[in-house]
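I opened this notebook to record what I looked up in the structure.

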Amino acid sequence: MLCAVATASLPSPPATHVAADHHARLKAAAARSDLPGALAAFAAMSSSPSTAARPVLRTFTALLKLCAVRGDLATGRAVHAQLAARGIASEPLAATALANMYAKCRRPDDARRVFDRMPARDRVAWNALVAGYARNGLAEAAIEMVVRMQEEDGERPDSVTLVSALPACGAVRALHACREVHAFAVRAGFDELVNVSTAILDAYCKCGAIEAARAIFDSMPVRNSVSWNAMIDGYVQNGNPTEALALFNTMIKEGVDATDVSVLAALQSCGELGYLDEARRVHEILVGVGLNSNVSVQNALITTYSKCKRTDLAAQVFTDLSNKTRISWNAMIHGFAQNGCSEDAVRLFSRMQMENVKPDSFTLVSVIPAIADISHPLQARWIHGYSIRQHLDHDVYVLTALIDMYAKCGRVSIARSLFVSARERHVITWNAMIHGYGSHGFGKVAVELFEEMKSAGGLPNETTFLSVLSACSHAGLVDEGQKYFTSMKDYGLQPGMEHYGTMVDLLGRAGKLDEAWSFIQSMPVEPGISVYGAMLGACKLHKNVELAEASAQKIFELGPQEGVYHVLLANIYANASMWKDVVRVRTAMEKKGLQKTPGWSIILLKNEIHTFYSGSTNHRQAKEIYARLAKLIEEIKAVGYVPDTDSIHDVEDDVKSQLLNTHSERLAIAYGLIRTAPGTTIQIKKNLRVCNDCHNVTKLISLVTGREIIMRDIQRFHHFKDGKCSCGDYW
């Protein structure tokens, strides 16, 4: 009772103190982005019996600012309603805050309506609308507002206007507008402000005027980390990773701390250039500045190491990443797939599902090529069904990957069915189908599809022409190939090294070696290894030692990292019985540390991949395999098989036959015959071009066993059936 009396006897705090307290609570809540706390203070103010404690205009603007920061449109509208009820919504301060709130809540049209109702507008209001349009991707509208603010209200843009408008100029690559803003900034003296200069150079970068951007950067008396970030990232976005990396290193030397933006740009540059040592150095730097817990940076690191062909380092980063996102999974799956670690990619995709991470279209576009590389028809059907269940099968990139996958799994008819069903045919979709037909030896069908593409209004790109030229090469369509190569210029396309190499292959396969050599001599660019390599392959096919030596000399001058060209030349010499030259080439290989790529073939049975190397005996059913193969050789000899031993040298004829009989594809086929039921199609994949003898043997095996055999070698598919091959013995 005493307490109650005592309390009751205390005087009430003055109304001004109550008002100040409520306003202080709301201001503190706004400072820490505490919208519920701010609303509680607002409610207390609204229900206060004291008029001094009631909300005032700055109360509402503080709430609107907080709604803008948090993107809370619903609460912002409620505040707007309160302002309208009090008849102060058109007050300049209130209207500016409303326009800013609507713009930051991605409602630029509502912001414009508020702006248009203002009886008088100041520079702050104009700036709010300019920034709102720019932030919402309405670049043209933002630039228009800068012009109107000067024409209608005579408001002179300030540094805030420029910093808001310049990103809009960059977004639409409006270089002329960017230059005008730059000129205005110089006249007004705003270019001395680091934020304005940074915005100008960033806009120039986005407009592709990288030299102008660098001139501004170099002339800046003071640069902050944002300035460095803008310039480094500008080089990356304009396709100059070398300069980006050099500038990043300069920044570090000058003692400027790296941020996530500069590190991301540096990592992207390392990946594009394949600079592993630099990537490791950037990795050390990002750890030093505490970015090793930044998931975006870690994802970029996974991608960079993968592009540097070090999936082991990428996998370590992925494993150590505690807060993996879907992007993390995608980056690692894609890294495995791009580096030929297809089984790892598929395994990681399976693990991703087990951990209930929902895939997106990029996930599927990454894992589908891995399944295509394995050539697993059952997995192909499963991933196709999975994409349907995930409602991703009509995504043009997923659909294209599926078409390519089925073609690479030997199911070109299913690929065509998907192609026909496509709602949208992007150029990549046409390319995948044309390439699919070409790789299966259906050159004429590929050419017909290319003509259909043009008739349908499709614009071919460099890849389209590469696919159709390759199809012509595999099918011996020399005239068509030459016509299409010449027509590239009609589409504004310049042939690349691969196009030139394919043309040499086209002419060389057809026996037009002199024409192929003349074609090389007339190239407007310096021929690369792929061009001379195609010539060397044609020389082996047609036993031309002179041109082979000339081609090989050019190849060796270019310093190939593989021993395949030395092996090819040695075989050409051996076929011509030039044994001293054979020894010379093999000795050169040894001195350079180059090795012959071992041949292997794989066959997939019941979800298990069986790998065979030439002459290998380590398979658990090796005895049965060799016994079945010996029986097959006897059977095909009965129908006319005579070993072609031209590809084997330095041994007796009977040993040559024995060596031929241990080639990896024969072991894989024999194992397939043992493990599958009669009538089942056998499908194998090998890493090298199938030799002449194995090609003949496989044709005859398909005849005596009544089996269809699909063989995918490094160049194309061969469909063997009833003693014939789909390539027509032209490969």
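**Entry 1: the sheet.** In what order do the six strands of the open sheet run, and with what pairing? I worked from a predicted model. I read the order as E2-E1-E3-E4-E5-E6, and the pairing is mixed.

**Entry 2: strand pairs.** I examined E1 and E2, which are antiparallel and share six bridges. Within this pair I found Leu604 opposite Ile609 of E2. The hairpin of E1 and E2 leaves two residues between the strands, and there I noted a positive phi near 50° for Lys606. I next took strand E4 (residues 709-712) and strand E5 (residues 717-721), an antiparallel pair joined by four bridges. For Met711 I recorded His718 in E5 as the bridge partner.

**Entry 3: domains.** I looked up the division of the protein and found domain 1 (225-323), domain 2 (327-415) and domain 3 (600-725). Taken over C-alpha atoms, the centres of domain 1 and domain 3 are 48 Å apart.

**Entry 4: the second largest pocket.** I noted a volume of about 440 Å³ for the second largest pocket. Its lining comprises 21 residues, and those nearest the centre are Pro377, Leu604, Leu605, Thr681 and Gln683. Leu604, listed here among the residues nearest the centre, is also the residue I had found opposite Ile609. I asked which elements each supply at least two residues of the lining. They are helix H23 (377-389), strand E1 (600-605) and strand E3 (682-686). By class, I recorded nine nonpolar, seven polar and five charged residues in the lining.

Why does the second largest pocket lie between two domains? I concluded that it does so because domain 2 (327-415) and domain 3 (600-725) both give residues to its lining.

Entry 5: Residues 426-460 are 74% helix and 0% strand, with the end C-alpha atoms 10 Å apart. For residues 461-495 I found 69% helix and 0% strand, and the end C-alpha atoms lie 10 Å apart.

How values were computed:
Residues are numbered from 1 along each chain as its sequence is written. This is a predicted model: local features need pLDDT of at least 70, side-chain atom pairs count only at pLDDT 80 or more; totals for chains, interfaces and linings use all residues. Side-chain values use heavy atoms; hydrogens and water are left out. Domain bounds come from an automatic or database domain assignment. On a 1 Å grid over the protein atoms alone, a cavity is a set of points where a 1.4 Å probe fits but cannot get out, and a pocket is an open set with protein on both sides within 12 Å along at least five of seven lines; lining residues have an atom within 4 Å of a point. Grid points are joined across faces, edges and corners, and a volume is the space filled by probe spheres set on the points. Ala, Val, Leu, Ile, Met, Phe, Trp, Tyr, Cys and Pro count as nonpolar, Asp, Glu, Lys and Arg as charged, and the others, Gly among them, as polar. Two strands pair if DSSP finds at least two bridges between them.
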